[in-house]
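Morning, everyone. I have one protein to walk through today. Please have a look at it on the screen first.

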Amino acid sequence: MASHFPSIQSFYSRELASEGGHSSSPPQPTEPGDGFTSSEVKATINPLSRPFQPSRTYDVCSIADLQTGPHRYEITGRLVNFSASGHHATPTNADGYHFLVICDGTAAIAIKLYCNPSECQPLLGQRITVWATSISAGNQAEIGHIPYCSTATTIYPARNGATHIYFHVDESGSVQDGSLRRPLEANTDQYDYLPGLMTLKSFLASGHDLGEGKILVCVRSIGPRRTIQPKKREGTLAMIEVGIYDDTAHCVMKVWQDKITSAKSWFPNQTLLLISQPSSRSYTDRQGIVHVEVGIGYSSVVDVDPDFPEATWLRAKLHEMARRDKIIVPFPANTWDLQRAMYGPGRTLYTLAEVEEQVRKQDPAADFTGKLSVVVLDMNLMSHWRQSTTYCTECCGIPIYANRPTATCKNCDSARNLSLNPRVLGSFLDESGMVVGSKLVWNDIAWSQFFFGDASEDLIMENGQENPVEQSWQGIATFDTNALRDLEAQLLYSRVTLTFRWSVALGRLCILGVEW
C-alpha cells in the first residue's frame, strides 16, 4: 500500500548526468536539504507566528472563574501591565520571557511567556488570547500586589505545543476593538462609582502618599525618546515623558524601556488611561517647590480607553475644554462659496445681539451667512510679537509658537506651517454688544484683507511696497518693530465690515472676508 508520508530520499535532489558525456565545466554539486520545510523552520524559530490548531477542546472561561490545577482553558483579556526579563536570550535559546498581566473586567491573571524577547512587542491595552493547560495560584514574590490577580500560568509555545498565545491587532472602531474595556470593580450591575478613584490634583497633593488609588487621565503630549545614564547601575535606559491631564491638573508621566512602544501608540487629547496604583516620586527643585512624578510601577494596572461612566464624562469634559481653549481652529476648507457669500444677493447686515439671538433660538440649528459692521476696540499685535507668539499651530498635542509662518516641531522634528495667532486681535464692538477676536475663525483671505486693506494702505506705501491689497498675512513676519507698531495704531478704533458664516459644527463665527 502506498505511503502518504514523504520519504527521506524525497528531500534530496537527484544529480543529473550531462548529455554527451562531455562538459566544458565541472558539474556543480547540489546542496542537499536538511529534511525540514521552510514553514517548519519558521514555526520553530518564531513559534508565535504559526497558527494555533489545537487537537483538543479548550473551555472558554472568564478569569474570575478559573480553577487551579490542570485544565485546558481559553482566556481572552486585555494587557494591563507587562515587563521583560531574561534579555540574554538568543534565537536558539529561549531563556528570555515576558511577564504579562491581562484583565477581562472580572479579574486579572499573571502570565509568564517564555520566548525570545525580539519575537513580540506587547502593547498596553492590546487584546490577547491565551490557550493554557494548567492554572496555578499566584506566587506573591512574582505577582506582587497587583489588584485582583491571584492566579498565574506559563506559556511555552516553542516546547509545549498545547499552550499558545495570540496578540490581536484589531481595527479601530470595530466591535473587537471596543470589547473587554470595562475596568475592574466597574463590571457589575449595581455599579455606582469606582472605588479609590481620585482627581489628578488630589493625587499630586496628597493621594500619592497612600500608595493606592486610581487616576483617570488623558494623554496630553508624547515627548521624544531619551537615553538616561543611571547613577546606581551600569548601562543606559530609554525613557520618554508623556504629558497627562484631567479637568483639575496636569503633570508628566515617565515611561521607561519596553513600555515606550505602547506610549508611542497613544493619541494626544484622545487616549484615556485609568491607572490603578500608579507609582510616584516627589522631588524639590531649586526654587524649593515640591513636584510629583507619576509612573507605571510593577504592581500598576493600566486600562487604555476604559469604558465606564466616569470615562465618558471626562471625555466630554475635555472635549469641551479643548474646544474652548484650543489655540487655533482651522478654517473649514472647500466648504462654502466665498464669492457668493461676499458679493451674492443674500447679504444681510446683523448686529452682534441679533447673531446671538439667532444662534441660541434657531431650531433646528443651521449655518447662516451675514455681515457685521464693528469697530476694532483692542489689538495685541505688538505684545505677541515681543513674546514670539505671532504665529501658532499644534503638533503632537504641543502648541508651537513663532514669529514666522514656518517652524519645526521639537517632538517629531517635522516642518510645520503656522497660522496667524487669532489672539493678536483684541475685541470688536458694535451698538449692541462685543465679541472677542480670538474666538473667531479666520480665512487666509480675510486675514490679508484685514491687515492690508484701506486702513493700512498709507502705511504700506510709506514702506515702499506696492499693490497693498494683494499682500499676504504671512508678510507680517518681514515687518520691523516700527512698522508693526504703526500697523497696530492704524487698525485700532477703525470700523470694518466682516462677512461671516455661523458654523454649527465648530460652534463659532467663521470670517469669510473683510471690507473697509
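The average pLDDT of the protein is 81. At least 70 is reached by 82% of the residues. Two stretches need a flag. Residues 86-94 have a pLDDT below 50, and that stretch makes 14 contacts in the model beyond near neighbours in sequence. Residues 454-470 are also below 50, with 19 such contacts. Where pLDDT is low, the predicted coordinates should not be read in detail.

Now the overall picture. The protein has 516 residues, and 43% of them count as buried. Its secondary structure is 11 helices and 28 strands. Take the contacts with a separation of 6 or more: 65% of them join residues 24 or more positions apart. The accessible surface is about 28900 Å², and carbon and sulfur atoms supply 50% of it.

On to the cores. The largest nonpolar core holds 47 residues. Which residues have the most contacts inside it? They are I102, V242, M253, W266 and L273. Leaving out residues up to four places away in sequence, I102 touches a list of residues that includes I63, I75, L79, V80, I109, I128 and V130. G77 and R78 are on that list too. Apart from this core lies another, of 44 residues, with L352, M382, C395 and L487 among them.

L487 takes us to helix α11, residues 481-491. There, L487 is buried along with A483, L484, E488 and L491. Down the axis of α11, the buried residues fall within an arc of 135°, so they line one face of the helix. N482 and A489 are exposed on the other side. After α11 comes Y493, with a positive phi near 65°.

Last, the rings. There are 15 aromatic pairs in the structure. Y114 and Y156 are stacked, at 5.3 Å centre to centre and 20° between the planes. Y114 sits in strand β4, while Y156 sits in the loop between β6 and β7, 42 residues apart. Both are partly exposed: Y114 has a relative accessible area of 22%, and Y156 has 24%.

What about W442 and F450: how are their rings arranged? The centres are 5.5 Å apart and the planes are at 65°, so the pair is edge-to-face. W442 and F450 are both buried. They also belong to a cluster linked by ring pairs, together with F428, W447, F451 and W516.

How values were computed
Residues are numbered from 1 along each chain as its sequence is written. This is a predicted model: local features need pLDDT of at least 70, side-chain atom pairs count only at pLDDT 80 or more; totals for chains, interfaces and linings use all residues. Side-chain values use heavy atoms; hydrogens and water are left out. Helices (H or I, at least four residues) and strands (E, at least two) are DSSP runs, numbered from the N terminus. Buried means under 20% relative accessible area, exposed over 50%, partly exposed in between (1.4 Å probe, protein chains only). Contact means heavy atoms within 4.5 Å. Accessible areas come from the Shrake-Rupley method with a 1.4 Å probe; for residues, only the protein chains shown count as cover. The arc is that of the directions from the helix axis to the C-beta atoms. pLDDT is the predictor's confidence in each residue, from 0 to 100. A nonpolar core is a set of buried Ala, Val, Leu, Ile, Met, Phe, Trp, Tyr and Cys residues joined through side-chain atoms within 4.5 Å. Rings of Phe, Tyr and Trp (its six-membered ring) pair if their centres lie within 6.5 Å; planes under 30 degrees apart count as stacked, over 60 as edge-to-face and the rest as tilted.
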